[in-house]
Amino acid sequence: MRFSVVTIFPDMIESFKKFGVVAQAIANGIIEVNAYNLRDFTTDKHRVVDDYPFGGGPGMVMKAEPFFRFYDFYLEKFGKPHVVLTTPQGRIFDNEKAMELAQKEDLVILCGRYEGIDERVMEIVDEEISIGDYVLTGGELAAMVIIDATSRFVPGVVDEESVKKESFMNDLLDHPVYTRPRSIQKKEVPEILLSGDHEKIEIWRRKEAMKKTILKRPDLFLKKESFDRIDKLSIIELVRELIKDAQ
Ligand code: ADE
């Protein structure tokens, strides 16, 4: 999958590319992340990308032409991409959107700055995405969040079993995890994890995931539509545990 980010701060994206799972996926040829400097698509000597708003008002507006010039360049080079504009006005990004975007072959992310972008740029934008209800100084962090979360759903980027089991995939938060040593300052690893009984461990983990989700994210729990056998067994365990604790 090819991600292309259009920004006036391409170094932010270049730095992001150097670390962790994203760097590994690039090295393995599974994803491509390209940063394009919007200023390279200007035609004036000073490479100006913003201008005063028609009608007056505070702040500057990003000019439309550099985006159109970028788009024409891109069409010629790679063909038609799916184009996202990062903006606080967009639909809130979530795991489902990440999965949906991971189906695209070519994703272009336009990063806004200043007070906004000339409305005519919307002609080349397929969707507007926000990463949360707060205002960033620019869309670059949002672009990195989108690339990071989306690339995890591109086959081969991370272990597929772990994607399936992780938070949100079954509308539950992750269960707690432990590693060596078995005892730290008299705090012990739950005995069941050392039992070697895989079904019991699975039920215990699911029960802990349910507890955590109900307490921390009841909204997520309410969204959960399907309850498989392990879910049901873990609810039985949970009720038993509660009754035992109350006695
Ligand atoms: N640009 C500024 N704020 C943003 C946000 N919350 N999400 C995406 N892009 C943004």
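## Close-up views of a predicted model

**View 1. Two domains make up the chain.** The centres of domain 1 and domain 2, taken over C-alpha atoms, are 39 Å apart. Keep in mind as you look around that this is a predicted model. Domain 1 covers residues 2-161, and domain 2 runs over residues 172-246.

View 2. Which residues are around the ligand? They are Thr86, Thr87, Pro88, Ile129, Ser130, Ile131, Gly132, Tyr134, Val135, Leu136, Gly138 and Ala142. Sorted by class, 7 residues of this shell are nonpolar and 5 are polar, while none is charged. Strand E5 (82-92) and strand E7 (127-130) each give at least two residues to the shell. The largest share comes from E5, with 3 residues.

View 3. At threonine 87, a backbone N or O atom is 3.2 Å from a ligand nitrogen atom. At isoleucine 131, a polar backbone atom lies 3.0 Å from a nitrogen atom of the ligand. At tyrosine 134, the distance between a backbone N or O atom and a nitrogen atom of the ligand is 2.8 Å. How much of the ligand's accessible area does the protein cover? On its own the ligand has 260 Å² of accessible area, and the protein covers 96% of that. The ligand takes up the space of the largest pocket.

**View 4. Arginine 47 has a positive phi****.** Our last stop is another loop. Arginine 47 sits between strand E2 (32-37) and strand E3 (50-51), in the loop that joins them. The phi angle of arginine 47 is near 55°, a positive value in a residue that is not glycine.

Conventions. Residues are numbered from 1 along each chain as its sequence is written. This is a predicted model: local features need pLDDT of at least 70, side-chain atom pairs count only at pLDDT 80 or more; totals for chains, interfaces and linings use all residues. Side-chain values use heavy atoms; hydrogens and water are left out. A residue is near a molecule or strand if one of its heavy atoms lies within 4 Å of it. A polar contact is a pair of N or O atoms within 3.5 Å; within protein, one must be able to donate a hydrogen and the other to accept it, and residues adjacent in sequence count only if both atoms are side-chain atoms. Accessible areas come from the Shrake-Rupley method with a 1.4 Å probe; for residues, only the protein chains shown count as cover. On a 1 Å grid over the protein atoms alone, a cavity is a set of points where a 1.4 Å probe fits but cannot get out, and a pocket is an open set with protein on both sides within 12 Å along at least five of seven lines; lining residues have an atom within 4 Å of a point. A molecule sits in a cavity or pocket if more than half of its atoms lie within 2 Å of its grid points. Helices (H or I, at least four residues) and strands (E, at least two) are DSSP runs, numbered from the N terminus. Ala, Val, Leu, Ile, Met, Phe, Trp, Tyr, Cys and Pro count as nonpolar, Asp, Glu, Lys and Arg as charged, and the others, Gly among them, as polar. Domain bounds come from an automatic or database domain assignment.
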